[in-house]
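Hi,

Here is the structure I said I would pass on. Have a look at it first, and my notes follow below.

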Amino acid sequence: MVSFTRALLFVGLFLFCACSHQQEIDEGHGGRQLYVVSWNVQTFFDAETSGLEYSDFRGSKSRWSQRLYEARLDRLVDAIEQLDADILVLQEIENIGVMYDISNRLAGKLRGKDAYGWMCFEGEEESAIGCGVFSRLPLGQKRVHQVDCRTLGEQPQLRPLLEVEVLVEDGDKTEGSAKGANSSVLNLFVCHWKSKSGGEEEAAFWQEKQEALLGYQLQRVLKNSSDRGKILVCGDFNRDLHEFDGVDEQKGTVLLDSVEVKSGWLYPKVTSGGSYWYQEQWEKIDHVFTAGSLDIGNFEALAKGAWVHLDEAGNVIPFRYTMWNDTGYSDHLPVGCWINF
């Protein structure tokens, strides 16, 4: 496998405001917490036709319109306000323009410490969807990593691995210390791995390549960090928890390539059955992992909010978006996680 990396400098949209969830705690590395939410928001396209959209969202027979887009935007923004994350990671966003539309609506709702002062987005060129991040903490350098196996033949479109630095403050440890003297970098990795829609064997092959790329980048951060590093990995992996290697329920860890990481799903107090409802069963395919000096303080699939509903059997499941009657949010539940550092 060959990989390439593009390095970009991220510039904030406006002045950073302190995050609402960050608070002093009794335990953890440095005694701080952040609340992180990751959510696959299900084919979130704008109303402009680029030709890359999924078939339901383009063509003369499609019902998709500016009115439906704006109504869906409003619902998503209301949900984001309710989720109240310090760092919000979204998958299946069409482009940076959708991120701006979300940001503009959020700016009309959230002020001061609740505002999202920073965002970034990345998608593969000529790809229909990508991943985005909203943050109440400043974002630093952004890097984009991609699998390149074209020597093996035709390669399907794969969402790139997004890496972005989150600039956190560990808190003053000594009286009179300079402001910002204890700031450090949290390395956030955002994943959206190959789906199984083309068959499980093909998906497994490309997921292995994506996992190897992620493992290589995790090793880079851990090797080059003087404080063991602060690594947070989020996204839709299209792989259930027990499809990962090295699952250790006692330690709460799995292996990403050869790197041992803590899994949110293995946090002792998790009550959720999964985040994706498929063929009348829950799947745990939306993940939060930590490595280095980050710990998981809590984790759940978030099943309370307008983004869930009851099916005919009385199960609380994701309220998937349906275009024909303009209802719903996503076929995934958001997953939320407290991280300690």
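A pocket here is an open set of points on a 1 Å grid over the protein atoms alone, where a 1.4 Å probe fits, with protein on both sides within 12 Å along at least five of seven lines; lining residues have an atom within 4 Å of a point. The second largest pocket holds about 230 Å³ of space, and its lining includes Tyr54, Arg63, Arg320 and Trp324.

Before the rest, a word on the source: this is a predicted model, where local features need pLDDT of at least 70 and side-chain atom pairs count only at pLDDT 80 or more, while totals for chains, interfaces and linings use all residues. Residues are numbered from 1 along each chain as its sequence is written, and side-chain values use heavy atoms, with hydrogens and water left out.

Now the largest pocket, at about 880 Å³. Of its 34 lining residues, Asn238, Tyr276, Tyr278, Asp331 and His332 are the closest to its centre. The lining divides into eleven nonpolar, eleven polar and twelve charged residues. β2 (33-44), α3 (200-224), β13 (276-278) and β18 (316-318) each give at least two residues to it; helices (H or I, at least four residues) and strands (E, at least two) are DSSP runs, numbered from the N terminus.

Asp331 sits in the loop between β18 and β19 (335-340). Is it buried or exposed? Asp331 counts as buried because its relative accessibility is 14%; the cut-offs are under 20% for buried, over 50% for exposed and partly exposed in between (1.4 Å probe, protein chains only). Beyond its neighbours within four places in sequence, Asp331 is in contact (heavy atoms within 4.5 Å) with Gln42, Ser275, Tyr276, Trp277, Pro318 and Arg320.

As for the whole chain, it has three helices and 19 strands, and 53% of its 341 residues are buried. Among contacts between residues at least 6 apart in sequence, 71% join residues at least 24 apart.

Last, helix α1. Its buried residues include Leu68, Leu76 and Ile80, and what covers the buried residues of α1 includes β2, β3 (87-93) and α2 (96-107). Just after α1, Asp84 has a positive phi of about 55°.

Cheers

Conventions: Points joined across faces, edges and corners; volume = space filled by probe spheres on them. Nonpolar A, V, L, I, M, F, W, Y, C, P; charged D, E, K, R; others polar.
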